[in-house]
Amino acid sequence: MSTTLTFAKALNTALADEMEADSTVVVFGEDVGPLGGVFRITDGLTARFGEERCFDTPLAESGIMGMAIGMAMNGLRPVVEMQFDAFAYPAFEQVVSHVAKMPNRTKGKVKLPMVIRIPYAGGIGGVEHHCDSSESYYAHTPGLTVVAPATVQDAYTMLREAIRHPDPVVFLEPKKLYWSKEDLELESLRESVGSFGRAVVAREGSDATLIAYGPSVSTALNAAAAAAEEGRSLEVIDVRSIVPFDDETVAASVRKTGRAVVIAEAPGFASVASEIVARVQERCFHSLAAPVLRVTGFDIPYPAPKLEQFYLPSVDRILDAVDDLQWEDA
Amino acid sequence: MQDPSRRPDLDQQATAESYMLPSAQPVQLVDPDGRHVHNDKYPLPDGEALLAAYRELVVGRRVNDQANALVRQGRMAVYPSSHGQEACQVAAAVCIDKQDWLFPTYRDTVAVLARGVDPIQALTLLRGDWHSGYDPYEHNVSIQATPLATQLLHAVGVAHAAKLKGENTVVVAMCGDGATSEGDFHEALNFAAVFHVPVVFFVQNNQYAISVPLHHQTVAPSLAHKAIGYGMPGERVDGNDLAALLSVLGKAVERARDGGGPALVEAHTYRMQSHTNADDATRYRKDDEVQQWVSKDPIQRMRTYLTDLNLLDEEVEKNIAEKAETVAAAMRDGLNAESEVDPEDLFRYVFTEKTSQLLEQAAKLRDELAREPA
C-alpha cells in the first residue's frame, strides 16, 4: 500500500521505526520533546516512547554533542538534532576532536554509533544563521560519514541506515525539501538499507552530466528537463553520500557523456563541489571534452531572504554552465 | 529505563547555605606534619584503606620520576607530570568501584595506572605510538583527553546512559583549574545537574594553566563555589591530603550512587614541575613559591601519620618501595624496547569499513613502502 509522505514525515517515520526496532535508540536536542522539533521531525516521539527516549536538553549544542558521545560509549544509539546548520557550530569541537576521532584513537575499541541530524541549506527565506550549507566542514573531517538525502524515499531509508550505521553519521536534511511529497511503499522499504557510499542516476542522459546532492538535485532535475526541451540530453547524478563518495558511478556517467557540471549551494571555494571536480578530472581526463564546471553559491556569507534568489544555483545558471562546456557546434 | 525527570531525592528545602556551599577552608584531615585534624562532616578513613592508598601514592611518585627520566632519554615524546598531585591522582582512582568510570586528562596518567591500566599501554600516547593504547572498557577508564573540559560531557553521557539503563554506575570526571574557564565545563555541570546524573566533577586546582595563574582564570571565591550556580554541592579539599581526598570524594561518590546527583570537588594542590618537559616554569613563577609547597608534600605527611599509627615501618616501606621499583622497571623495559608501528593502522580504524578512498590511499602507501630500499 502506498502512502503519501512529506520529506519531514518520512524522517519522523524513520525515527519512530528505528526507536520501535531498537530500544537503545534515544533522540534528544533542543525543542525535540513535546514540541516535536521546530520542523516537527520528532513529532509525537516523546508521547509514544516516553521522555527517557526522546527528550529536550538545555540550550547548548556542545553539551548535546558531548553527552551523545558518552551515551554512545555506554551502549546507546543517540540521534541528536542540531536545530539549524549554523547553530551546530558550538558543537564543532566535539564533532571534530571527538566524534570523528574516538574510534580511530582507540583502534576501534570505542565505536560511536550516533547520528547528528542537521537541517541545512537555504531556499526557505530564512534569516542569517539559518541557511548555511556546512557540508564541507564535516566532509573535510576524516572519520565522519556525511550524507544528504534529496528524495522522500531517501529521507526515510537513509535515516534508518544512519541510525543502524556502526560509525557516526552527519545527516544533512535540506530544509527546503521538508514539505516535498512522494508516494512511498513503506512496507517494502523497511529493510532497504545498505546504500551509503552509493550515488544514483536520478535521470539518464547522454550529452552532459549534472552532479548534485541534497537541495541541488531537484534544481538539477529541473535544469535537465528544460535542457531536454532544447534538445540537449543531461544525465543527473544524485550523490546522496558525500562521505564515502561514489567515484565509480560519477566517473562512469562522465566517461559516458564527456562533460560535467557540479552543482551545490555552498560557496564554491574549497568546497565539496571543488573536490568532486578534482576527482572527476583525475579519473575522466581522457573522456572529457571540456573542463568540469561548477555552479555553486558565491563566496559570500549566506544572503538575506530578499537576496537569496540571486545567490542560489538556478536552472538558468546551470543551463548557462552547460552552454559553456565547449560544444563543437557552438 | 528510568524516567530522567524523576528526582525523588530532590531536597526542596535545600539552599545554597544549607548544602551547596563549600567549607570555609579546604577540608584537611591530616596536616602537613602528619597530625590528624578533626572534621565534623568528614570522617578519617580507616588506617588500612589509607595504607593501601599510600602504597599507590609512592608508586605514583615513582611513575612520575621514571616518566620524566624516559623523556630525557628520548624514549617518550612528552610527559605532563603530576608530581605533587599524586594524592589527587590516587584518590580519584580508588574512590570508585570496578563498574564505575574514570574520565582522566593528559596529566592524569598516575590515576589511570592506579585504576589498573597497564603502564606501557597507557603511555602509547606520550610515546608517540598511538593516541590511546588501552581499551577503555577493560578498566572503565576513558581515553586521556587533551582538549580541555570536553571529556566532562562524555562523562555526563556515560552516566546518563547508565542511569537510563538502570545501571548503578558513578563517574568521576577530572579536569584542571584552567579547564573550568572552558564552555564545556559549564555545559557539562549544567547538563549533569539538569539530568541529575551520578557524576563527581573533580577539579585539581594546581594553580597554573601552563603559565597562567588562577587569578587570571576566575575571580570566584573558589572553583568549588561554581557548583552553586548549577544547583549542585561544591566542596574544596586539601589536594595534598590523601585522607581528606578519600573522605570528601568518597562522600560525593556515595551521594551520587544513592541518587543524590552530581557534585563538584575542588582539590587545592600544586604542580611542582613544569607543565611538560617542553615548558620552563621559571619564566612565570618564583622558586620561593614552589618551595612553600615542598613542605606540603602529600607523601611525607601520610608517611608520618601512618608511622605514628604503627601501620608503617621500615619493612612495609621497603615492600612498597620494591613494588614502585617493579613498576618503574616495567616502564623502562617496555619503553626501551623498540616498538613496532604498522603504517596500515593509519587507515584501519577511521571507519568500521574502509571507504574506497581509504582503500586507494592505503594501497598507494603500501606500494610506496614496498619500493623503499631496505
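A cavity is a set of grid points where a 1.4 Å probe fits but cannot get out. I kept that in mind while going through this structure, which is a predicted model.

**Entry 1: the cavity**

I then listed what lines the cavity: Arg105(A) from chain A, and from chain B Gln121(B), Ala122(B), Thr124(B), Leu125(B), His131(B), Ser132(B), Gly133(B), Tyr134(B), Ile143(B) and Gln144(B). I sorted the lining residues by class and got 4 nonpolar, 6 polar and 1 charged.

**Entry 2: the sheet in chain B**

I turned to an open sheet of 5 strands in chain B. Reading across, I noted the order S1-S2-S3-S7-S6, with parallel pairing. Strands of a sheet pair through backbone hydrogen bonds, either parallel or antiparallel.

Why is one side of strand S1 (101-103) and of strand S6 (234-238) of chain B left without a neighbour in the sheet? Both strands stand at the edges and each has a single partner strand, so there is no neighbour on one side. From one strand to the next, I noted an average twist of 20°.

I looked more closely at one pair. Strand S3 (residues 199-205) and strand S7 (residues 263-268) of chain B run parallel and are joined by 6 bridges. Within S7(B), Leu264(B) is the residue that stands opposite Phe201(B).

**Entry 3: helices on the sheet**

I checked which helices pack on this sheet. Helix H3 (residues 86-94) of chain B does, touching S1, strand S2 (171-176), S3 and S7 of chain B. The direction of H3 makes about 170° with that of S3(B). Helix H10 (residues 242-257) of chain B lies across S2, S3, S6 and S7 of chain B. I noted about 155° for the angle at which H10 of chain B runs to S3(B).

**Entry 4: the largest pocket**

I moved on to open spaces. The largest pocket holds about 620 Å³ of space. Its lining has 25 residues, and Ala139(A), His140(A), Val243(A), Glu275(A) and Arg279(A) lie nearest the centre.

Which elements each supply at least two residues of this lining? From chain A they are helix H6 (135-139), strand S12 (241-243) and helix H11 (272-284), and from chain B helix H14 (345-348) and helix H15 (356-371). H11(A) gives the largest share, 4 residues. By class I wrote down 15 nonpolar, 8 polar and 2 charged residues.

**Entry 5: the second largest pocket**

The second largest pocket has a volume of about 490 Å³. It is lined by 23 residues, and Phe196(A), Gly197(A), Pro244(A), Glu353(B) and Lys354(B) are the closest to its centre. Helix H10 (247-257) of chain A and H15 of chain B each supply at least two lining residues. H15(B) gives the most, with 3 residues. The classes here are 6 nonpolar, 7 polar and 10 charged residues.

Pro244(A) came up again when I looked at the peptide bonds. A cis peptide bond joins Val243(A) and Pro244(A), with omega at about -5°. Pro244(A) sits in the loop between S12 and H10 of chain A.

**Entry 6: two positive phi angles**

His129(A) is not a glycine, yet I found a positive phi of about 75° for this residue. His129(A) is in the loop between strand S5 (115-120) and H6 of chain A. Its relative accessibility is 47%, so His129(A) counts as partly exposed.

Asn140(B) is not a glycine either, and has a positive phi of about 50°. I placed Asn140(B) in the loop between helix H7 (136-139) and helix H8 (150-165) of chain B. Is Asn140(B) buried or exposed? Its relative accessibility is 14%, and buried means under 20%, so Asn140(B) counts as buried.

**Entry 7: one glutamine**

Last, I looked up Gln66(B), in helix H2 (residues 47-72) of chain B. Gln66(B) is buried, because its relative accessible area is 4%. Leaving aside neighbours within four places in sequence, I found Gln66(B) in contact with Ala328(B), Met331(B) and Arg332(B). Glu353(B) is 287 residues from Gln66(B) along the chain, and their C-alpha atoms are separated by 40 Å.

Key. Residues are numbered from 1 along each chain as its sequence is written. Chains are lettered from A and ligands numbered from 1 in the order in which they are written. This is a predicted model: local features need pLDDT of at least 70, side-chain atom pairs count only at pLDDT 80 or more; totals for chains, interfaces and linings use all residues. Side-chain values use heavy atoms; hydrogens and water are left out. On a 1 Å grid over the protein atoms alone, a cavity is a set of points where a 1.4 Å probe fits but cannot get out, and a pocket is an open set with protein on both sides within 12 Å along at least five of seven lines; lining residues have an atom within 4 Å of a point. Ala, Val, Leu, Ile, Met, Phe, Trp, Tyr, Cys and Pro count as nonpolar, Asp, Glu, Lys and Arg as charged, and the others, Gly among them, as polar. Two strands pair if DSSP finds at least two bridges between them. Axes are lines fitted to C-alpha atoms, for helices over the stretch in contact, and angles run from 0 to 180 degrees between N-to-C directions. Contact means heavy atoms within 4.5 Å. Buried means under 20% relative accessible area, exposed over 50%, partly exposed in between (1.4 Å probe, protein chains only). Grid points are joined across faces, edges and corners, and a volume is the space filled by probe spheres set on the points.
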